[in-house]
Amino acid sequence: MGHRTVASAALGFERTYGRAPDGVWSAPGRVNLIGEHTDYNEGFVLPFAIQHRTAVAAGLSTGHAVRARSTFSEEPASAEIRAIARGTVTGWGAYVLGVAWALTGQRGAYLTPAGTSVPGPSDPAPEPGRPRLPEGVDLFIDSDVPVGAGLSSSAALECAVACALDELWCLGHERTALALAGQRAENEVVGAPTGIMDQFASMLGREGAAVFLDCRSQSAELVPFGLGEAGLELVVIDTREHHAHATSGYAARRASCELAARLAGVRALRDLGTDDLPVLAHLADEETYRRARHIVTENARVLESVEALRVAGPAAVGPLLTESHRSMRDDFEITTPALDLAVQASLGAGALGARMTGGGFGGAAIALVPLDAVARLQDQVLGAFASSGFNTPRISTVTPTDGARRDR
Ligand code: GLA
């Protein structure tokens, strides 16, 4: 997968800018195995990077602008770094320019890992003897991460761009800092109040492993998730119902969680355990209580899943996936009838567990399936969707792969 997009990004760069790129970087989309909407509650998540990648061919240029083109849109994206702010850029370009903005501290100077800044060419008065770094960058992007399918095409784009700019601008950031720059771009330039899961998965993913992330300490551990050895496949059922976090109920769910934490007198719902739920039931209205119950039980399920993977292997997480879906359907209310059908039909066809993945309100479901049941699952899911009158879903399999990297 990755090789084709890398070659196509490099070729696109040469055709667009009339020279070879200085390098090509790529970053993957992700599937979240379990731990949904727990990231912004400072809880636990267990995503993994998938084989679909976004590749960015990049080269320094003269001037102060970041210019980007892509294979997926006719529209170019371009801005002087100092002019980038929320609302000034829209569409796919906001993810790209937002990362440039997040890495330059909005001043045309570069943020170093220590948080100090190195003057850029737009800095009016660099200290004598300090280098002025070139600022202008040309980018060309290709991607095979499906858009709007809950597989985090946005994080793949942000992380690939962050790696490219970090290296071209000689910033030397850690991977976690680059992941956070991606999140800042999304929160403050794109305007979507998302958490840190997607960017951390895209940056830290490894072949054959899931990324167990504590979203409070931001520390990550790799947990073995070898599907092949266990005779399993992870099937993705993209319902093709497109979602948009910025405009959907994502922000409303986040607000409910913050309200519940305030009522319980804790910093974040991460601080509550299942034993605290009866007390919360008295403090919160029924809906807020159910929202919080999803988060509290979901955090417990992530911890159980990590334990199950370590002790018993991938098959053991099946029932936890299905419980997670039930909680998102009944308590958090972020599933759709098509997602519920995908889960139900998968279980009927012999999946060990299934759940929607990602932000919800559309997008994709995942199912953990024994190899010999994959064809049956495909037939039964397609059949169930056809008889319910939903869009024909796109069914594929994903495997845990390596995170963001330089390819050329
Ligand atoms: C989206 C966000 C993530 C996370 C998930 C839900 O993917 O980008 O930060 O909140 O939804 O788990």
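Predicted model: local features only at pLDDT ≥ 70, side-chain atom pairs only at ≥ 80, totals over all residues.

Residues are numbered from 1 along each chain as its sequence is written, and side-chain values use heavy atoms, leaving out hydrogens and water.

How many salt bridges does the structure hold? There are 23, each being a side-chain nitrogen of Lys or Arg within 4 Å of a carboxyl oxygen of Asp or Glu.

**First stop.** Select Arg 216 and Asp 271, whose side chains meet in a salt bridge at 2.7 Å, N to O. Arg 216 sits in the loop between strand S8 (209-214) and strand S9 (219-224), and Asp 271 in the loop between helix H6 (250-264) and helix H7 (277-283), so the pair ties together parts 55 residues apart in sequence. Helices (H or I, at least four residues) and strands (E, at least two) are DSSP runs, numbered from the N terminus.

**Next stop.** Now pick Glu 221 and Arg 310, a salt bridge with its closest N and O atoms 2.5 Å apart. This pair links distant parts of the chain, with Glu 221 in strand S9 and Arg 310 in helix H8 (residues 286-312), 89 residues apart.

**Last stop.** Select Arg 405 and Asp 407, where the closest N and O atoms of the salt bridge are 2.7 Å apart. Then highlight Glu 286, Glu 287, Arg 290, Arg 291 and Glu 333, which salt bridges with shared partners join into one network.
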